[in-house]
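Subject: Structure handover

Hello,

Please find the structure below. My notes on what was found in it follow directly after.

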Amino acid sequence: MQLLHGIRRFFRRFFSGRREPPLNGQNHSVVLTDVAEFSASHRTDRDRLAICQAQYDILRQAFADAGIPWDILHVEDRGDGVLLIVPPDVRTELLVHPFIDSLVAGLSRHNAIAEPAAAFQLRVAIDVGPVRSHPRGVAGEVIINGTRLVDASILKEHLRATAAALAFITSRFVYDNVVRQRPGDVNPDDYKMVEFWSKGSLVTGWMYLGAGAGGSRIG
């Protein structure tokens with residue numbers, strides 16, 4: 001596990017050294033990712049290193065495809081995932097389309113050539129809300145809700161039961177104000193409403209499985 005700890009220290013040092021303006025409570029789009037089965041016993045630390053690198057490469061390309069420069073984001077490495085805070089002047093719809101399609105395409109390309117243990121599925125959650133900086137990072141109810149969404153058991157179960165590259169889940173706010181407005185070729189019928197309990201709170205989300213170019217409708 002020493003190599004894995006070294007990976008985490010590297011990403012934390014790399015991003016903590018960046019200077020960025022403090023976040024003062026404006027509404028930000030918040031993206032959280034989590035690699036499915038990251039700690040699975042069939043994976044070695046070398047496999048996890050390859051997955052970490054691939055995840056960042058895929059994320060960087062997806063933000064570029066959405067027209068969002070990487071260097072304007074607040075980025076925090078979370079070992080098996082990433083927390084990304086997008087500036088308030090960036091339209092959230094770009095994170096639904098074309099961002100999600102780009103993630104699916106990038107994951108599919110990686111998994112097609114990766115060693116089996118370095119291939120991976122990714123869960124992604126997006127929400128919008130106030131975020132504030134503090135001396136050690138950022139805080140906000142939106143981050144708590146996003147974490148609950150990306151960690152939802154029902155999302156994990158649907159992803160585990162399929163060969164989909166990506167499971168995407170949004171808050172009700174993002175679904176109503178972005179997904180239902182059909183940006184690009186997004187079809188709201190491809191999303192399924194789910195409700196689940198997390199730490200004493202009932203959470204509502206809308207989830208979608210990205211299985212390929214057109215995604216996968218959840219029945």
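The accessible surface of the protein is about 10,800 Å², and carbon and sulfur atoms hold 50% of that area. Accessible areas come from the Shrake-Rupley method with a 1.4 Å probe, and for residues only the protein chains shown count as cover.

This is a predicted model, in which local features need pLDDT of at least 70 and side-chain atom pairs count only at pLDDT 80 or more, while totals for chains, interfaces and linings use all residues. Residues are numbered from 1 along each chain as its sequence is written, and side-chain values use heavy atoms, with hydrogens and water left out.

Overall make-up

The protein has six helices and eight strands. Helices (H or I, at least four residues) and strands (E, at least two) are DSSP runs, numbered from the N terminus. In that order the elements read α-β-α-β-β-α-β-β-α-α-β-α-β-β. Of the 219 residues, 51% are buried; buried means under 20% relative accessible area, exposed means over 50%, and partly exposed is in between (1.4 Å probe, protein chains only). Among contacts (heavy atoms within 4.5 Å) with a separation of 6 or more, 73% are between residues 24 or more positions apart.

Helix α2 covers residues 45-65, which is 21 residues. The expected span of a helix is 1.5 Å times one less than its number of residues. For α2 that gives 30 Å, and the end C-alpha atoms are 30 Å apart, so the two values agree. Just after the helix, G67 has a positive phi of about 75 degrees.

Two packed helices are described by the angle between their axes and the distance between the axes. For α2 and helix α3 (residues 99-113), the angle is about 145 degrees and the axes are 8 Å apart. Axes here are lines fitted to C-alpha atoms, for helices over the stretch in contact, and angles run from 0 to 180 degrees between N-to-C directions. On the α2 side the contact is formed by A54, I58, L59, Q61, A62, F63 and D65, and on the α3 side by F99, S102, L103, G106, L107 and H110. These residues divide into eight nonpolar, four polar and one charged. In this count Ala, Val, Leu, Ile, Met, Phe, Trp, Tyr, Cys and Pro are nonpolar, Asp, Glu, Lys and Arg are charged, and the others, Gly among them, are polar.

D65 belongs to α2 and is partly exposed, at 40% relative accessible area. Leaving aside residues up to four places away in sequence, D65 touches P98 and S102.

Around the cis peptide bond

P98 sits in the loop between β3 (82-86) and α3. The peptide bond that joins H97 and P98 is cis, with omega about 15 degrees. What does D185 touch, not counting residues up to four places away in sequence? The residues are H97 and D101. D185 and H97 are 88 residues apart in sequence, and their C-alpha atoms are 7.8 Å apart. D185 lies in the loop between α6 (172-177) and β7 (192-198) and is exposed, at 57% relative accessible area.

R182 is in the loop between α6 and β7. R182 is not a glycine, yet its phi is positive, about 60 degrees. Its relative accessible area is 45%, so R182 counts as partly exposed. K199, in the loop between β7 and β8 (201-210), is not a glycine either and has a positive phi of about 50 degrees. K199 is exposed, with a relative accessible area of 78%.

Two further positions

L23 is in the loop between α1 (2-16) and β1 (24-35). Is L23 buried or exposed? L23 is buried, at 15% relative accessible area. Beyond residues up to four places away in sequence, L23 touches H28, I85, V131, R132, S133 and V138. L23 and P87 are 64 residues apart along the chain, and their C-alpha atoms are separated by 8.9 Å.

S153 is in helix α5 (residues 153-160) and is partly exposed, at 48% relative accessibility. The C-alpha atoms of S153 and W197 are separated by 9.6 Å, and the two residues are 44 apart along the chain.

Regards
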